Amino acid sequence: MAEGTDTPTAILSHASAALRESPFDDITYRALGDAVGVSERTVYRHYPTRSHLLEGVAGWIESTAFPLPPFVTIPEFREAARARFTTFDAAPAFAFVCARAASISPTGETEPTYFTRALVAMLATNYPSLNERDLRRIAATLRSFASAQFWARMRTGFEMSAPQIADVFERSVSQALSGVVGTTGTVADRAPGRASA
């Protein structure tokens with residue numbers, strides 16, 4: 001284990017590295033323990049079930065392989081999501097692990113992620129007249145459309161590439177934002193650079 005790296009982080013790092021050669025279900029706790037230099041029991045202590053491990057690995061991958069570009073405005077959010085889809089296409093094994101983890105029930109007490117907090121802040125800043133319920137509803141919708149799970153559904157169900165998925169994403173975001181009036185009085189469902197009909 002690298003000096004200064006805590007055991008849970010080392011386990012997640014080695015598990016994500018192992019994904020380059022094996023599917024998640026083939027990665028054993030014993031192999032992870034050997035790679036990190038701890039016992040299999042120690043790995044179980046930190047990640048008592050495969051769901052805990054999957055959730056941990058997905059979080060690690062999201063933060064290291066798929067860091068979200070910063071955004072403050074809707075156009076910046078759209079560009080950040082487009083960049084993410086391209087990154088997902090470049091590392092599909094990692095993206096599919098993130099998508100799979102999103103489909104399981106959380107294994108611990110969860111707090112809103114950075115992504116969720118950034119979406120809520122962006123919407124609250126750009127559309128201050130939104131009530132709390134609509135703010136959360138729209139943030140959840142945007143988060144879903146920019147997720148690895150959405151990418152995986154489009155990729156496997158419709159054999160779409162990142163640019164094609166991004167086009168579906170654009171239309172979905174426009175639909176989710178239709179009718180939301182911004183602080184400038186313009187309708188938010190216009191994609192960047194497009195004139196209204």
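**Close-up views of a predicted model**

**View 1. Surroundings of V57 in the predicted model.** When neighbours within four places in sequence are left aside, V57 is in contact with L12, A15, L19, F24 and V97. V57 is also one of the residues that touch the most other members of the largest nonpolar core, a set of 60 residues.

**View 2. The largest nonpolar core and its most connected members.** Within this core of 60 residues, those touching the most other members are L53, V57, F71, F77, F85, L123 and L142. Among the contributors to the core, helix α10 gives the most, with eight residues.

**View 3. Packing of helix α8 against helix α10.** Helix α8, which spans residues 132-145, and helix α10, which spans residues 162-177, pack at an angle of about 175°, and their axes lie 10 Å apart. Because angles over 145 degrees count as roughly antiparallel, α8 and α10 are roughly antiparallel to each other. On the α8 side the contact is made by I138, T141, L142 and F145, while α10 contributes F169, S172, V173, A176 and L177. Sorted by class, the contact of α8 with α10 comprises seven nonpolar and two polar residues, and no charged residues. L142, which takes part in this contact, is also listed with the residues that touch the most other members of the largest nonpolar core.

**View 4. E79 in helix α5 and its spacing from E170.** E79 is found in helix α5, which covers residues 74-90, and E79 is partly exposed, with a relative accessible area of 48%. Although E79 and E170 are 91 residues apart in sequence, their C-alpha atoms are 9.9 Å apart in space.

Note on methods. Residues are numbered from 1 along each chain as its sequence is written. This is a predicted model: local features need pLDDT of at least 70, side-chain atom pairs count only at pLDDT 80 or more; totals for chains, interfaces and linings use all residues. Side-chain values use heavy atoms; hydrogens and water are left out. Axes are lines fitted to C-alpha atoms, for helices over the stretch in contact, and angles run from 0 to 180 degrees between N-to-C directions. Helices (H or I, at least four residues) and strands (E, at least two) are DSSP runs, numbered from the N terminus. Angles under 35 degrees count as roughly parallel, over 145 as roughly antiparallel, 65 to 115 as roughly perpendicular and the rest as oblique. Contact means heavy atoms within 4.5 Å. Ala, Val, Leu, Ile, Met, Phe, Trp, Tyr, Cys and Pro count as nonpolar, Asp, Glu, Lys and Arg as charged, and the others, Gly among them, as polar. A nonpolar core is a set of buried Ala, Val, Leu, Ile, Met, Phe, Trp, Tyr and Cys residues joined through side-chain atoms within 4.5 Å. Buried means under 20% relative accessible area, exposed over 50%, partly exposed in between (1.4 Å probe, protein chains only).
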